[in-house]
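Here are a few notes to read alongside the model. Have it open and click through the residues as you go.

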Amino acid sequence: EASFTLSILVHAALKLWVANEAPRQFLDDRRTGALELLLSTPLTTGEILGGQGLALRRQFLGPTVLVLIVDLYWMTTAGFDAHRNSSPPILAILWLLRMILLPLDLWTLGWTGFWAGMTGRGRATTTSLVVRILILPWILWFLAATVLWSFAEQIRGPDEDLLMWLVIASWFVLASGSDLFWVVWARASLSRSFRDAATRHPGESRRWFQRHSQRSTGGKG
């Protein structure tokens, strides 16, 4: 349990690091006007995003691999209780699922961070990423697990092991599904509105929205 808790803290620190770094370059470039200059070059939106993604991978691939290796070591040396009814132990399965979700969460934070860097303002950008990607799925899962557990208690003689596996499965499905949703949303937003978002500085979101509203109505109103 001590190793598991320490692993949770390490994962959280790595995710917060990525959430802080992913939007930073685009935020700085918008603030200084460098992004508008970059768009005047022959580079396409895909090439710009690809270069930013490559920079992020170079920065975080090493730490991510190191964390996963340490996780694997901790998991295999944690001394799981062999006399538990569940086989393999629930804690070991949880550990493996967290190892799968770590790169998926980081991938999601990277793509949503790029879009947040195009639309956000300073530190609030990182806070928004953390809430949407890391906190909201846990809140939804807690509510779903509470309902599931309450429903099971109304049934005589519930199978506690089966119920526990259902709760774990719902957590993994919800977390991974949330990641995939946000990645698809961020990539679609970047593909559709990257150049429009690049023309405004942080804090100009209201005027940008008004300009697009006028364009969609043909300039009326």
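1. Let's start with Gln 52. In this predicted model, Gln 52 has a relative accessibility of 13%, so it counts as buried, since the cut-off for buried is under 20%. You'll find Gln 52 in helix α4, which covers residues 45–76. Leaving aside residues up to four places away in sequence, Gln 52 touches Ala 22, Gln 25, Phe 26 and Phe 114.

2. Stay with α4 and look at its packing with helix α1 (residues 2–21): the angle is about 170 degrees, and the axes are 11 Å apart. That angle makes α1 roughly antiparallel to α4. On the α1 side, the residues making the contact include Leu 6, Val 10, Leu 14 and Trp 17, and on the α4 side they include Phe 60, Pro 63, Val 67 and Trp 74. By class, this contact has 9 nonpolar, 5 polar and 2 charged residues.

3. Next, the pockets. The largest pocket has a volume of about 490 Å³. Its lining counts 22 residues, with Lys 15, Arg 98, Leu 101, Trp 138 and Trp 171 nearest the centre. At least two lining residues come from each of α1, α5 (90–119), α6 (123–153) and α7 (160–198). The lining of the largest pocket splits into 17 nonpolar, 1 polar and 4 charged residues.

4. Which helix gives the most to the lining of the second largest pocket? That's α4, with 8 residues. The second largest pocket holds about 360 Å³ of space and is lined by 15 residues, among them Gly 53, Leu 56 and Trp 107. Sorted by class, this lining has 10 nonpolar, 4 polar and 1 charged.

Definitions and conventions. Residues are numbered from 1 along each chain as its sequence is written. This is a predicted model: local features need pLDDT of at least 70, side-chain atom pairs count only at pLDDT 80 or more; totals for chains, interfaces and linings use all residues. Side-chain values use heavy atoms; hydrogens and water are left out. Helices (H or I, at least four residues) and strands (E, at least two) are DSSP runs, numbered from the N terminus. Buried means under 20% relative accessible area, exposed over 50%, partly exposed in between (1.4 Å probe, protein chains only). Contact means heavy atoms within 4.5 Å. Axes are lines fitted to C-alpha atoms, for helices over the stretch in contact, and angles run from 0 to 180 degrees between N-to-C directions. Angles under 35 degrees count as roughly parallel, over 145 as roughly antiparallel, 65 to 115 as roughly perpendicular and the rest as oblique. Ala, Val, Leu, Ile, Met, Phe, Trp, Tyr, Cys and Pro count as nonpolar, Asp, Glu, Lys and Arg as charged, and the others, Gly among them, as polar. On a 1 Å grid over the protein atoms alone, a cavity is a set of points where a 1.4 Å probe fits but cannot get out, and a pocket is an open set with protein on both sides within 12 Å along at least five of seven lines; lining residues have an atom within 4 Å of a point. Grid points are joined across faces, edges and corners, and a volume is the space filled by probe spheres set on the points.
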